[in-house]
Amino acid sequence: MKSLFGLCVFASVMAGGAFAAEKAGTTKKEYGKLADGKVVDEYTLVNANGVTMKVISYGGIITELHVPDKDGKLADIVLGCSNLAEYVEGHPYFGALIGRVGNRIAKGKFTLDGKEYTLATNNGPNHLHGGKVGFDKVVWKVTPKEVPHGQALVLSYSSPDGEEGYPGKLDVEVTYTLTDKNEVTFDYSAKTDKTTPVNLTQHSYFNLAGHKSGTILEHNLMLAADNYTPTDDTLIPTGKIDPVKGTPFDFTTSTQIGKHIKEIKADPVGYDLNYVINPQRSKNWLAAVVTEPKSGRTMTVTTTEPGIQFYSGNFLDGKQKGKEGTLYKQYGGFCLETQHYPDSANQKTFPATILKPGDTYHQLTTYAFGVAAK
Ligand code: GLA
């Protein structure tokens, strides 16, 4: 294992009831090789409190994230596969960087400047998460970056003109930072040489009790969203913006995820919808707060984005092979994907996702981890 920065700070953390010495810093090692021989690296980021995040260059996937509970005990709170072969074999976007366009585009078609573009339909009749080989399946160039209060990686990828049917060469740079305040930030930017839609996001599945601890139905969730975008039964927005009040979708006050889940009419039953984050004055909007009662772990999401997809792991079915021999069951993890609204490329009343040459796409999201006050 190679230490990339000479940050020899030793942080003493309570792990499993005993003191474990973790060295703050960033290290790199080979994670595996793809069929074409391309090497995939794994980066381990450790902050001053011993919080550890592992990221691989394949798909920008966060494979592990160990954060403390109310007693300082670390647990890995993200779902994932146990090796590269399992990730390549197929998985439901565990921990992955999503693009060019996160979420769905109806029928895989959109029109820009009078020209119709056709994309892969990889989710029933629709296009999902950038297509067959989205940003979750490409190898990113990863460069560790020195930052004052934490550890950071810059992930970059140049998506060729026409890739997955999208116009323009898109140069993407995403900085993942693990701060010494136990925050994980994602700072995305992109530039294009032709007008094109862009909607980047992160698809980590969280279970704040630990990735192998069962369902997330007892987690409490607050979403700073009075409204949501209702969809048809293929999860394409109807174009309306409806209030959550009086529906099972209301998380305006902290509510157990499982409380109203069975009232949802969907197959499979569960949450898989885009919330319209209440506009606030500050640039970095509060989107969500999640609390897990037993461990006391909390997660607060802020973002520059207007929407957040809350997905309660409805499609997990106990067959997906995961870390430490875990077979993830339905509701085994949740995703909070900060984003522009689904199908924005076709929905003219939604905030636009179109990037023009000369302009820079930008989005910033923070997941801050803490513990609930006793
Ligand atoms: C997103 C979608 C879900 C599902 C998951 C992956 O969250 O909205 O419908 O496709 O990704 O399984």
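This is a predicted model: local features need pLDDT of at least 70, side-chain atom pairs count only at pLDDT 80 or more; totals for chains, interfaces and linings use all residues.
A polar contact here is a pair of N or O atoms within 3.5 Å; within protein, one must be able to donate a hydrogen and the other to accept it, and residues adjacent in sequence count only if both atoms are side-chain atoms.

View 1. For Glu337, the distance from a side-chain N or O to a ligand oxygen is 2.7 Å, and for His129 it's 3.1 Å. On its own the ligand exposes 300 Å², and the protein buries 95% of that (Shrake-Rupley areas, 1.4 Å probe).

**View 2. The shell around the ligand.** The shell splits into 7 nonpolar, 3 polar and 3 charged residues (Asp, Glu, Lys and Arg count as charged; Ala, Val, Leu, Ile, Met, Phe, Trp, Tyr, Cys and Pro as nonpolar; the others, Gly among them, as polar).

**View 3. Residues 6-21.** Here pLDDT, the predictor's per-residue confidence from 0 to 100, stays under 50. The model still gives this stretch 34 contacts (heavy atoms within 4.5 Å) beyond four places in sequence. Across the chain, mean pLDDT is 94, with 93% of residues at 70 or more.

**Notes.** Residues are numbered from 1 along each chain as its sequence is written, and side-chain values use heavy atoms, leaving out hydrogens and water. Local features need pLDDT of at least 70 and side-chain atom pairs 80 or more, while totals for chains, interfaces and linings use all residues.

Note on methods: A residue is near a molecule or strand if one of its heavy atoms lies within 4 Å of it.
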